[in-house]
Amino acid sequence: MRIGVFICHCGSNIAGTVDCESVVEIAAGFPEVVYATDSMYTCSEPGQEGIITAIHEHNLDGVVVASCSPRMHEPTFRRAVERAGLNRYMFEMANIREHVSWIGKDKAHNTNKAADLVLMAVEKLRRNRPLVAKSFTTVKKVLVIGGGVAGIQAALDCADGGLDVVMVEREQSIGGKMAKLDKTFPTIDCSSCVLGPKMVDIAQHEKISLYACSEVESVSGYVGNFSVTIRRKATYVDWTTCTGCGLCTEKCPSKRSPDPFNEFLGTTTAINIPFPQAIPKKAAINPDTCMKLQKGKCGICAKVCPVGCIDYEQQDELVTVEVGAIVVATGYDLFDWHKYPQYGEGRYPDVITSLQYERLLSASGPTGGHIKRPSDGKEPKNVVFIQCVGSRDRSVDRPYCSGFCCMYTAKQAILTKDHIPDSQSFVFYMDIRAPGKGYDEFTRRAMEEYGAQYVRGRVAMIYPHGDQLIVRGADTLAGTQVEVPADLVVLATGVEASQGAVKLGETLRVVPDQFGFFVESHPKLKPVETNTAGVYLAGACQGPKDIPTSVGQGSAAAAKALGLLSKEQLESDPAVSKVNVNRCVGCQKCIDTCPFGAIKAVTDRMGRLKAEVIETVCQGCGICTVTCPQGAIQLEHFTDNQILAEVNALCPPKMNNVSFE
Amino acid sequence: MSAQDEQRELRIVGFLCNWCSYGGADTAGVARFIQPTDLRIIRVPCSGRIDPLFIVRALLNGADGVLVSGCHPRDCHYAEGNFYARRRLEMLKRFLPITGIDERRFEYTWVSASEGQRWQHVVTEFTRRIHELGPAPFFNPVSEEEWAKLALDGAARGASCACHG
């Protein structure tokens, strides 16, 4: 074999703490290396051209690049060697940046380590063989999990692009958090007027099928061919015939059912349509409060329903759909502010969350758009807003900024003045973070035009005084303690990952970070991809995001899904398992262990049982290779011999005068 | 640990799964979390690809330590590879003392792609442990005659023989 080695300086990123020239000299002496050189930026166009020229000039049939992580540029260099006429698998990378130059300062040790890593790559490459990808067809259908604004945007873009879409929503209606908002910043647009038409589009689009009150139960398969099981939860109403007339909700006698849509500010009926613009506009029974389901008596809704769609016997139903790509848009939940003792831990009814306040402001809310405080229904005159409740606070394990609370607090201060002209708003803040287009101007307007008083400091305690609450905090700019009498306190509760996120991540093989937000494939360059091919992220499930960013990500995820499924066929990674039929004894252990069902039993001409890998299904994990007692099934590109060659490169058998070869 | 020992590198081999721990090591690098330089990482697709014999081979070849890291249980990119790995590696850990290899020279752990800081901690701690143990003892191969003599000595000592006690 004729191997070429290319050591990258990466500007000073590598060369700063690794003596690249020495590594070149050492590498030139490695087995079968006929050419070794270094370059400033190997991934740049001249760098890649250098590789191609060297392949031609020195007649190379294998290339090692020592540079950054293969997770970053392996595809780039594979394409480069392919352009030079080599098979893309006759290439290996040594990671001397993330694993060497960036983590150690001792140049001698780093240089030594870099040379070792290059030797490992050379030894592995000597045992590589050309691999050719197989093609497989895809299902031109996308699953969107979550019907918030990000998911809605992704679904509409995919459907407009010609793909069939299946949308799964956990709640009774799509719309997510945005549907609960009254107005949106910085334009004071009516939220439901902006979102409503898009929700209607979802319901009416011929390419979109919507499963509300449903959850993803399990996912199997792989990019292009996922099989998804959806649990349709029992609603006790036949949605194929329900017209959403609302007669049942008027007559239902069980009027003390909790109302999650209104953030539990009021109560609703046991059979209920959450809000007037709900999509799908169908009734559903809350089994915990329905008298018929609890005690077997009542049945009024069944009597009044003009189409006879009430079905008290309804059960959960499992539906299986085949899709080619998955967009995850599960959004966020609000931080549980009861963890803070200083805000009363729920003892004071007039301490509410920002989302509850949003429902009080909304014309479709429990108070019909009149701000009435929960304790006595009075109109508040002094409203105190407290920011960063569960944001930027390590003591409650929420060190991150929730991003948009500064903005919605300014919006709510403005709306308070609009609703109650003789009111006064106070905002306790840490910093004002308003980096969007027109955002800083908006917070200024809240202060200057609407007279909201901004107090820079934290709140130490809230205590009752008469029918008011006294908010005591620091004013760090004035250097004093302040006490503000408040009729209503609104907490700008921070954002946290959606409650089911971790479990869904396990189902989809998408990794959540320590806070439960899904990790993207690359923080800069692959913001909506995940490490599982064909699964994309949109919206706040990846991290706190405001509406425009969520919509942007929804479109981005749709573009990715459309791009993926626009190809007639996808190429599978040929680094898959391969059976040596001569060694296979037909024990079928590999068939039992394969998580993807990618191995099947076949009978050969002699009637003997043998394992056979279905190449397009195999994902290349190599579990079977370790399981096989015969060493008969080998994962291509990561064979036993290749990994052992790397081990031997690091720990030469001669170290102990014992030869294991 | 003296300054001189700290200077001298020992040979530590790492087997890391591509999706979580290798990414975690990358994350640590991107964040410039300084680590000891002794470790050399072998990238494998999944911790379920790691044959315990790879680890034994490394140790027999004279590695001073072997560190294995994969995705956290239930977060495996291949759904269940790390469950297989956990069983195999735990078995190996219990088996190593029987072969005469100090089991503290081998460790397995779980680090996700976002846990750069955790990776720094794992590497630093494991390297410290290996330095405390010092270089791996030299395996002295013996000739056929020596083996025969050892066997006879053992037989003569009966139950008091170290390998039967």
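This is a predicted model: local features need pLDDT of at least 70, side-chain atom pairs count only at pLDDT 80 or more; totals for chains, interfaces and linings use all residues.
Residues are numbered from 1 along each chain as its sequence is written, chains are lettered from A and ligands numbered from 1 in the order in which they are written, and side-chain values use heavy atoms, with hydrogens and water left out.

Back to that helix pair. Two packed helices are described by the angle between their axes and the distance between the axes. For α6 (residues 149-160) and α7 (residues 191-204) of chain A, the angle is about 50° and the axes are 10 Å apart. Axes here are lines fitted to C-alpha atoms, for helices over the stretch in contact, with angles running from 0 to 180 degrees between N-to-C directions; helices (H or I, at least four residues) and strands (E, at least two) are DSSP runs numbered from the N terminus. The α6(A)/α7(A) crossing is left-handed, meaning that the near helix is turned anticlockwise from the far one by less than a right angle (clockwise for right-handed). On the α6(A) side, the contact (heavy atoms within 4.5 Å) uses Val149(A), Ile152(A), Gln153(A), Ala155(A) and Leu156(A), and α7(A) answers with Leu195(A), Lys198(A), Met199(A), Asp201(A) and Ile202(A). By class, that gives seven nonpolar, one polar and two charged residues, where Ala, Val, Leu, Ile, Met, Phe, Trp, Tyr, Cys and Pro count as nonpolar, Asp, Glu, Lys and Arg as charged, and the others, Gly among them, as polar.

Helix α6(A) also packs against α15(A) (residues 547-566): the axes come within 7 Å and cross at roughly 35°, and the crossing is right-handed. Residues in this contact include Val149(A), Ala150(A) and Gln153(A) of α6(A), and Gly554(A), Ser555(A) and Ala558(A) of α15(A). The tally is nine nonpolar, four polar and one charged.

Elsewhere in chain A, α2 (residues 45-57) meets α3(A) at about 40°, with axes 9 Å apart, again in a right-handed crossing. Among the contact residues are Ile51(A), Ile52(A) and Ile55(A) of α2(A), along with Phe77(A), Ala80(A) and Val81(A) of α3(A). Six of the residues in this contact are nonpolar, two polar and two charged.

The model has eight cavities of 30 Å³ or more. A cavity is a set of points, on a 1 Å grid over the protein atoms alone, where a 1.4 Å probe fits but cannot get out, and lining residues have an atom within 4 Å of a point. The largest cavity has a volume of about 220 Å³, volume being the space filled by probe spheres set on the points, which are joined across faces, edges and corners. Its lining numbers 16 residues, with Met93(A), Glu646(A), Tyr22(B), Ile41(B) and Arg43(B) nearest the centre. Two or more lining residues come from each of α3 (70-83), β4 (91-95) and α5 (107-125) of chain A and β2 (39-44) of chain B. Nine of the lining residues are nonpolar, two polar and five charged.

The Phe185(A)–Pro186(A) peptide bond is cis, with omega near -5°, and Pro186(A) lies in the loop between β8 (183-184) and β9 (189-190) of chain A. A cis bond also joins Ile279(A) and Pro280(A), with omega about -5°.

Technical notes:
On a 1 Å grid over the protein atoms alone, a cavity is a set of points where a 1.4 Å probe fits but cannot get out, and a pocket is an open set with protein on both sides within 12 Å along at least five of seven lines; lining residues have an atom within 4 Å of a point.
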